[in-house]
Amino acid sequence: MIKQLKIAAACCIILLLSACIKKKKDDFNRTELLNSMYTMVIQPGYTGLKDASATLQTAANSFLTSPDSASLSNLKDAFYVAYANLQYVEALDFSSESALRNDLNSFPSDTAQIDNNIASGSYNLSTVNNLRAKGFPALDYLLYGKPHAQTISDFSGNANRKQYLTDVVSDIVSKANAASNWWNANKTTFVNASGTDVGSSVGMLVNDMSFEMERNRRERVGTPLGYVGLIFGGSVAPQTTEAYYSGYSKEMFLENLKGLAALYSGAGGVGFDDYLTHLGADYNGTPLANEISTQFVKVRTAAEQIPVPFSQAVTTHNAEMQTLFLELKKLTVLIKVDMSSQLGVIINYSDNDGD
Amino acid sequence: MKGVIEKVKTSLLPPLGGGGALIVFRFAFGIMMFLSLVRFAANGWIDALYIQPKFFFTFYGFEWIKPLSATGMYAVFAIMMLASLFVAFGFFYRISIITFFLLFTYVELIDKTNYLNHYYFISLLSFLMCFLPANLAGFKNLRGLRGFIFIIQLQMATVYFFAGIAKINSDWLLHAMPLKIWLASKSNLPLIGNLLTEEWVAYAFSWCGMLFDVSIAFFLFNRKTVWYAYAVVVVFHTLTAILFPGIGMFPYIMMVCATVFLAPLTPRRGGGEVPQNIWNVINLKTALKTSPIGGGLVGTFFLIQFALPFRYLLYPENLFWHEQGFRFSWRVMLMEKAGTVFFTVRNADGKLFEVNNRDFLTMQQEKQMSTQPDMILQFAHHLADVYQSKEVYAEAYVALNGRASQLLIDPKQNLCEVQDGFANKSWITSPALVSNVQLSMTKQFSN
């Protein structure tokens with residue numbers, strides 16, 4: 001018996017040694033993935049937002065100094081660009097400083113709260129009850145809530161309104177700067193957390209993508225359709241659409257999707273598609289990486305085929321909105337279930353024992 | 001000099017041939033439990049698992065088990081910590097171990113989200129320890145004592161052996177799943193990292209793991225191989241602890257508890273008849289003659305444990321898919337299973353809408369529920385209560401051991417119309433059913 005054990009032990013050692021000597025195969029390196037993800041997607045994304053926010057602030061200041069049609073149009077353009085830049089990185093939720101989803105994009109906006117804040121002139125934008133009274137949803141209401149000319153005259157004589165716009169924009173700028181700075185300071189930490197456990201960078205990225213995909217399906221499409229949540233009890237709810245007043249819901253959705261697709265494919269660098277391909281992940285006979293890429297395209301096409309803002313589309317193009325909802329559901333399952341499972345990543349932000 | 005060392009040794013270590021073996025085990029178990037509980041509390045899990053949730057997934061037949069208030073739950077854990085220390089030092093041993101067993105089992109019964117095989121193991125072990133004379137250092141009746149040690153050894157052996165039997169399946173042995181996925185995900189580990197992405201390594205680990213689990217108990221029982229076997233136990237569990245930190249205290253608990261096999265059969269001092277072979281000890285006839293009730297109870301206890309892992313045979317189709325008869329069977333590390341469930345409720349106005357699971361469940365609860373049909377049913381019934389609804393549907397997508405995700409249950413089944421129980425859940429998809437029910441949510445919503 002002892003002899004047999006000894007032989008077995010010797011075999012194991014030989015096996016291990018031979019494996020060590022064996023030349024490495026085309027190893028996929030998660031550190032490389034993270035490095036590329038940082039350089040190609042995250043860093044440019046947050047810098048883009050930071051710069052666009054600065055431009056937004058300049059445009060807001062010149063509008064407030066001389067409120068006229070040209071300066072308002074200029075501000076509206078800056079709003080669009082900055083909002084689009086936020087969409088691109090909205091999924092990322094690595095720290096309280098870098099997570100901007102709640103602080104800058106809690107939609108639909110609470111217009112009553114915004115009006116009250118302006119009327120009273122006293123508010124604290126960092127409190128929870130002002131979450132829907134700031135950020136881009138607030139700007140959407142402030143800049144597009146009334147017709148162009150009316151907006152100009154509303155701002156012209158109203159010091160409180162001017163101050164509110166200044167404060168909301170300053171808040172956006174400071175949040176965007178803080179997030180960008182956080183990422184600059186944490187590149188090494190991000191790249192070095194190259195495991196797949198809860199809290200690892202790959203684990204966080206997959207969780208963030210799943211969460212944002214759910215937000216797209218539920219809040220951006222499902223709630224306006226009346227499918228999701230009880231508040232509107234199954235009735236179409238256009239007022240819950242993102243960017244309701246500006247009507248940029250589709251554009252913002254597509255920007256958001258672009259950000260998610262960048263996180264998936266690495267935007268020209270190393271992405272999760274390469275990772276899945278390396279692992280040989282299969283989906284009913286086709287490579288899972290291709291299946292997911294194709295589904296991204298299907299979602300994009302479904303959204304592009306909707307010719308009007310989602311707020312209108314829920315009534316005028318209901319079938320197309322339903323298609324978008326279904327395609328998003330498929331993409332959510334592919335990312336949240338198939339991809340995470342093939343990567344051995346757990347969909348959870350907090351650690352727990354398993355067995 | 002030699003005499004001094006011997007004296008120090010005997011004062012520190014009790015004479016192992018007497019009650020000492022049990023004292024060592026009792027001490028190791030108590031300390032291990034204390035440390036586990038401290039770790040549990042330090043991780044904030046008392047709050048996260050027993051105070052934060054608004055809804056708890058009770059076990060079938062144990063719906064009456066309810067969590068206490070926050071203060072109550074902290075008190076329960078504080079008492080458990082104290083009891084485990086008391087057990088370690090033999091302080092009010094009997095009452096302490098009974099307290100520990102009852103409270104630990106109570107906590108485990110609160111929410112099946114948190115079910116782990118090693119928690120079940122601790123419940124069983126602490127139950128057995130309630131009957132052990134582990135407080136008697138000078139236990140003279142060696143024959144009786146051997147019997148007690150054997151009971152603990154048998155409990156250990158049961159865990160290993162059935163965990164091994166469970167690994168004899170095609171996913172594990174023929175596809176190296178789920179280890180192929182899990183090992184590749186650990187490629188960042190130093191030294192062995194590169195190795196882990198190799199396919200043959202996953203196969204080697206799978207087969208070695210199965211062979212280890214199935215056979216280790218026999219080598220531990222054999223006096224000639226016990227030390228070698230224990231060394232293998234240490235290597236095996238250390239490796240699993242490094243590779244899978246997510247399994248928590250389990251490797252350490254097994255390493256510590258397996259020391260019970262090292263208890264020497266020859267007493268250092270004190271007399272008594274010395275059985276040379278374990279089989280002399282468990283002479284059923286003698287055991288039943290000395291304590292017919294005790295012997296009968298222990299026999300029943302183990303017979304139930306031996307039967308439970310096979311109850312899955314009463315259900316059709318794939319056990320890993322439907323998980324009927326999965327728990328309490330030492331099925332560990334067998335599945336990479338992930339899922340997501342969309343619940344749809346018809347409200348009083350007749351409108352269908354999708355629920356946000358996270359409004360009711362913690363992330364951990366949602367994750368566990370999404371792959372386990374009995375939990376999906378429980379949550380569906382909870383939603384029916386909350387929304388006063390008579391129609392709840394679940395569209396659940398699950399991926400198992402590297403296969404593509406597919407529907408876990410019939411999405412057209414109104415879950416309000418079915419009840420939980422031991423009967424086969426026919427609304428769980430089988431491969432034949434899947435092709436027939438490709439749900440169109442569009443269709444459902446336009447109902």
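Predicted model: local features only at pLDDT ≥ 70, side-chain atom pairs only at ≥ 80, totals over all residues.

User: How many cavities of 30 Å³ or more does the structure hold?

Analyst: There are seven cavities of 30 Å³ or more in the structure, and the largest cavity has a volume of about 170 Å³.

User: Which residues are closest to the centre of that largest cavity?

Analyst: Its lining is made of 19 residues, and those closest to the centre are B:Ser36, B:Leu37, B:Phe40, B:Phe104 and B:Tyr119. In chain B, the elements that give two or more residues to this lining are α2 (16-42), α3 (45-51), α4 (70-89), α5 (93-110) and α6 (117-129).

User: And which element gives the most to the lining of the largest cavity?

Analyst: That is α2(B), which gives five residues. As for the residue classes in the lining of the largest cavity, 14 are nonpolar, two are polar and three are charged.

User: What is the volume of the second largest cavity, and which residues line it?

Analyst: The second largest cavity has a volume of about 80 Å³, and its lining residues are A:Asp115, A:Tyr141, A:Leu142, A:Gly145, A:Lys146, A:Thr151, A:Asp154, A:Phe155 and A:Arg161. Both α6 (135-144) and α7 (148-156) of chain A supply at least two residues of this lining, and the largest share, three residues, comes from α7(A). By class, the lining of the second largest cavity has four charged, three nonpolar and two polar residues.

User: Staying with α7(A), how do the axes of α3(A) and α7(A) cross?

Analyst: The axes of α3(A), residues 69-89, and of α7(A) come within 10 Å and cross at roughly 100 degrees. Angles of 65 to 115 degrees count as roughly perpendicular, and α3(A) and α7(A) are therefore roughly perpendicular to each other.

User: Which residues make that contact?

Analyst: On the α3(A) side the contact is made by A:Ser69, A:Leu72, A:Ser73 and A:Lys76, while α7(A) brings in A:His148, A:Thr151 and A:Ile152. In this contact of α3(A) with α7(A), four residues are polar, two are nonpolar and one is charged. A:Thr151 of α7(A) makes part of this contact, and A:Thr151 also lines the second largest cavity.

User: Changing topic, where are the cis peptide bonds?

Analyst: In chain A, a cis peptide bond joins A:Phe107 and A:Pro108, with omega about -5 degrees, and A:Pro108 lies in the loop between α4 (101-105) and α5 (111-120) of that chain. In chain B, a cis peptide bond joins B:Met177 and B:Pro178, with omega about 5 degrees, and B:Pro178 is found in the loop between α8 (170-174) and α9 (179-184) of chain B.

User: What about phi of A:Asn284, and is that residue buried or exposed?

Analyst: Phi of A:Asn284 is near 45 degrees, which is a positive value in a residue other than glycine, and A:Asn284 lies in the loop between β1 (282-283) and β2 (286-287) of chain A. Exposed means over 50% relative accessible area, so A:Asn284, at 63% relative accessibility, counts as exposed.

User: And where does B:Leu191 lie?

Analyst: B:Leu191 lies in the loop between α9 and α10 (199-221) of chain B. B:Leu191 has a positive phi of about 65 degrees although it is not a glycine, and, at 86% relative accessibility, B:Leu191 counts as exposed.

User: Last one: how many helices and strands does chain B have?

Analyst: Chain B has 20 helices and four strands, and 56% of its 447 residues count as buried.

Notes:
Residues numbered from 1 in each chain as written. Chains lettered and ligands numbered in written order. Heavy atoms only, no water. 1 Å grid on protein atoms, 1.4 Å probe; cavity = no way out; pocket = protein on both sides within 12 Å on 5 of 7 lines; lining within 4 Å. Points joined across faces, edges and corners; volume = space filled by probe spheres on them. Nonpolar A, V, L, I, M, F, W, Y, C, P; charged D, E, K, R; others polar. Axes fitted to C-alpha atoms, helices over the stretch in contact; angles between N-to-C directions. Parallel < 35°, antiparallel > 145°, perpendicular 65-115°, else oblique. Contact = heavy atoms within 4.5 Å. Buried < 20%, exposed > 50% of the residue type's maximum accessible area, 1.4 Å probe, protein only.
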